[in-house]
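Visitor: I am new to this structure and would like to learn how to read it. Could you take me through some of its features in turn?

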Amino acid sequence: MHTTIGNVGHFFVILSFVTALVSTIAYFISALNRQETAVVPADEEPELAYASADGTVVKTSRRTTARAASPAASATDKNSDDWRKLARWSFYVHAVAILGVIYCLFSIVYNHYFEYHYAWSHSSRALPLKYMISCFWEGQEGSFLLWLFWNALLGIWLINSNSKQWEGPMMTVFALVQAFLASMILGVVFGETFKLGSSPFLLLKEAIPDAPVFTMDPNFIPKDGNGLNPLLQNYWMVIHPPTLFLGFALTLVPFAYCIAGLWQNKPLDWIRPALPWSSLGALVLGVGIMMGGYWAYETLNFGGYWNWDPVENAVYVPWLVLVGAIHTMLIARKSSTGLKTAIILTITQFLLVIYSTFLARSGILGNASVHSFTDLGLSGQLLIYLLAFIALSVALMVSKWKLMPGDEQEVAVYNKEFWIFVGATILSLAAFQVIATTSIPVYNKVAELFGVVSNLALPADQAAHYNKFQIWFFVAIAILTGIGQFLWWRKIEKGNLNALVTPGIVTLLISAAIIALAKVGDPIYMVLLVSSVFALVTNSTIMIGILKGNYKLSGGAVAHIGLALMLIGVLFSSGYSHVVSLNNSGLLISRQEEFTKNNNRENKENVLLWMNQPEKMDNYQLTYRGERIEIRDVPGYVPRSWVSVIEGDFHGVAQRDIIQNGQVYHKKGDTMAVYPENTYYEVEYREPDGKIFSLYPRAQVNEKMGLLASPDIKRKAGRDLYTYVSSIPDPEQGAEWQKTETYKVAIKDTFFLNDYVAILDNVVRTNDIEGMTLGPQDAAVKAVVRVLDKNKEHIITPAFIIKDRVVGRKAETNEELGLRIQLNEIDPTTGRFTFAVNRTQRKWIVMKALEKPYINLLWIGTLIVVLGFGLSTVRRYRDFSKMRLRD
């Protein structure tokens, strides 16, 4: 029992929680003390001036931090510095404690200490290092720890980069959030009922004390763990969660600045330092979301990258609101229009992050999401935290609402702030539509608390439900990105829309050409295409003009161009996906519900492939070439028959020399490390021009989750060919051989084996018998049986052996034909040979293949959006740095 590492880890968890609380209190007192020194007579308060839509000036008062020179104020200021030092060092110790927790937990996983519940639940000895890293954050405790880590790093950066006026108030918020998050992994039980957090350092016998094995042996340690969920054994799962949680952490920064600004009666000043962090947060969170989409595209078999899963939605919604908040911040910097909206959206985007955490980790979604965690008893704690932050934020906004300026007159339609505000509103409405539907399980739970039985259910076809709303939101957003950019750069003047005429004509010409060439027939898709092309043309026009001046100002236009390309990529890859694997046989492949529902859709769109039997589909000739397995130190995949897998040991024995690309990696009889969980099915594609390539879709039969199939993808410039297996023979059943049939034939005789014609070509003497050494007094012969299949001939060579005066028979099996032939008797007087033949079902798979046109536009657009946000982040941070130096 390695109990020391767990005890040390638990100590670091407690230390992180306590130091976060100390830092919160110390920063809070420091901020209050600094406020006391900010003494400004009421009649000397300076005014904030905003330029309203019609050019008039709107004024409001704002308190500043003018130092009082009295001895009492100096003493208070000194106390503030003392509290600030305590708060800083507490936060530094908190960060070190988080690193200590991470070190202890990863050591437990890496060293296979399966006496710990976390290691046993999420890892196994078979996993390589990269997937051990994934194990670290597969569990709830590990994901909270990852979130804590990023928050701690950001907190240290902010401590050392902020001015004194911001450090105290905003780090109070930061440290408070850290205390809440640290409590989620505290694992402390008060009395017998109240539990605060779930510890990642629980021993297995503490987590499941009623297991019978611990009654017999209290010190029992499993030899291996349950392993990592096979769907998470993907390189994207190594980098996607850290990116996503960094995005979560970054949403805290503008929230903390906003709360600090309201707290200090500075409802506008917080925007300048918050803007670069908001842009960076939108960049990172957006990248994290798209990484998740790409993981789904490569790993799951629903045929796409976004399935409107409730947990996906819960992350997508804060991103939409954050992007809306950024746009309203830009308005608020120019005028008072949008300031209140900026405050509301900035607070909301962080609250939605907490809400998404509640949805994913409370167990409330049940089976509605493939991403949701089971409830570890943390749902009540998460709900309390969510409600606490909502109450804190709303109370602060209400109390400071009168300090926020408003326009005396309505914003003009030709004012750029108006259109940006409209765009932010549409983003918020799009977010609301998604979260309103996603939260249906929450409504049902709330109704149950009041004794009401709710019959609300999530849409049966989630993709269709969300798409029919979201497509119109993004049509509007695409159009507004073009109009908004022209207004922002003053290309449109009041009463004069001539600047949009040329882009409008170009848009219509390009759209008409695309519609004709790509045969876009759906009116809704036409509208989305035209709006996306309009966004592409208008923003490209603006960007070209900007690049002639200063490329650093082009962030917005670049991001909008990327969005337009993404929308076009989504339109074609999802709306015009083409099924290659059409079943033209007229026969049902399966009577299972998943194949027969929707008017036998899957029976029509899947094909049955027999091993080595070519089938013509669309423009391809497909041939299933058999099962493959992955050896850890060998590139690519090798036939499964080359390796005899040792059950439960993650090793195999080479049945022949393992040769790949002309290099010998293992000799026959060598023991080598393999990945036994997954089987790859080689499907050979022959194109009309004769070019051949192979895809290797993956499948695993999992006890808990059934058939887990992952696609393989052939990427081309204009389209992706997406292939996965829908059904495979049950690997646990093995081959079921039919009753033995006997055939007596002479050389050159023909005999019929059901669908096959067999010919005994010859019987020859041999000394080469696999696995056997023949002595000088021994003898052996091999029969050469030629079996004629539909497209090729197969040679089967069963052997008849006399060794040490004992007769032996060595049958030969051809899995491709499903035949096993054994030479039983030789009659030298008649020249006839007796064969025993067994038949079984041939090797087969059921597979589906789709072509996804222009999907690369989606990925290219994503990269361009990232570039745009990056340019914007750099620009805003430089502006903030210059202003900070002036201050």
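Guide: Start with a cut-off: a residue is called exposed when its relative accessible area is over 50%, and buried when that area is under 20%. Keep in mind that this is a predicted model.

Visitor: Is K519 buried or exposed by that cut-off?

Guide: K519 has 69% relative accessibility, so K519 counts as exposed. K519 sits in the loop between α17 (501–518) and α18 (523–547).

Visitor: What should I look for in the backbone there?

Guide: The general idea is that most residues other than glycine have a negative phi. K519 is not a glycine, yet has a positive phi of about 55 degrees.

Visitor: Where is Y854 placed, and how exposed is Y854?

Guide: Y854 is in the loop between β30 and α21 (856–886). The relative accessible area of Y854 is 41%, so Y854 is partly exposed.

Visitor: What about P853, in which element does P853 lie?

Guide: P853 belongs to strand β30 (residues 844–853). With a relative accessible area of 17%, P853 is buried. Leaving aside neighbours within four places in sequence, P853 is in contact with F572, S573, Y576, S577, G718 and R719. Take Y576 from that list: P853 and Y576 are 277 residues apart in sequence, but 7.1 Å apart in space, C-alpha to C-alpha.

Visitor: How do I put such details in the setting of the whole protein?

Guide: Begin with the totals. The protein has 21 helices and 30 strands. Of its 887 residues, 52% count as buried. Among contacts with a separation of 6 or more, 68% are between residues 24 or more positions apart.

Visitor: How is the packing of two helices described?

Guide: Two packed helices are described by the angle between their axes and the distance between the axes. Take α5 and helix α6 (residues 164–183): they pack at an angle of about 165 degrees, with axes 10 Å apart. Angles over 145 degrees count as roughly antiparallel, and α5 and α6 are therefore roughly antiparallel to each other. The crossing of α5 and α6 is left-handed.

Visitor: Which residues make that contact?

Guide: On the α5 side they include F144, W147, L148 and L154, and on the α6 side they include M170, M171, F174 and L181. By class, the contact of α5 with α6 has 13 nonpolar, three polar and one charged residues.

Visitor: What else does L154 touch?

Guide: L154 lies in helix α5 (residues 140–161). Not counting residues up to four places away in sequence, L154 touches F174, A249, L250, V253 and W277. L154 and A249 are 95 residues apart along the chain, and their C-alpha atoms are separated by 7.8 Å. L154 has 9% relative accessibility, so L154 counts as buried.

Visitor: How are aromatic rings read?

Guide: A pair of aromatic rings is described by the distance of the centres and the angle of the planes. The count here comes to 42 aromatic pairs. One of them is W236 with Y294, an edge-to-face pair at 5.2 Å centre to centre, with 65 degrees between the planes. This pair links distant parts of the chain: W236 is in helix α9 (residues 236–263), Y294 is in helix α10 (residues 271–299), and they are 58 residues apart.

Visitor: Are W236 and Y294 buried or exposed?

Guide: W236 counts as buried at 17% relative accessibility, and Y294 is buried with a relative accessible area of 14%. W236 and Y294 also belong to one aromatic cluster, together with Y235, Y297, Y305, Y722, Y724 and W859.

How values were computed:
Residues are numbered from 1 along each chain as its sequence is written. This is a predicted model: local features need pLDDT of at least 70, side-chain atom pairs count only at pLDDT 80 or more; totals for chains, interfaces and linings use all residues. Side-chain values use heavy atoms; hydrogens and water are left out. Rings of Phe, Tyr and Trp (its six-membered ring) pair if their centres lie within 6.5 Å; planes under 30 degrees apart count as stacked, over 60 as edge-to-face and the rest as tilted. Helices (H or I, at least four residues) and strands (E, at least two) are DSSP runs, numbered from the N terminus. Buried means under 20% relative accessible area, exposed over 50%, partly exposed in between (1.4 Å probe, protein chains only). Contact means heavy atoms within 4.5 Å. Axes are lines fitted to C-alpha atoms, for helices over the stretch in contact, and angles run from 0 to 180 degrees between N-to-C directions. Angles under 35 degrees count as roughly parallel, over 145 as roughly antiparallel, 65 to 115 as roughly perpendicular and the rest as oblique. A crossing is left-handed if the near helix is turned anticlockwise from the far one by less than a right angle, and right-handed if clockwise. Ala, Val, Leu, Ile, Met, Phe, Trp, Tyr, Cys and Pro count as nonpolar, Asp, Glu, Lys and Arg as charged, and the others, Gly among them, as polar.
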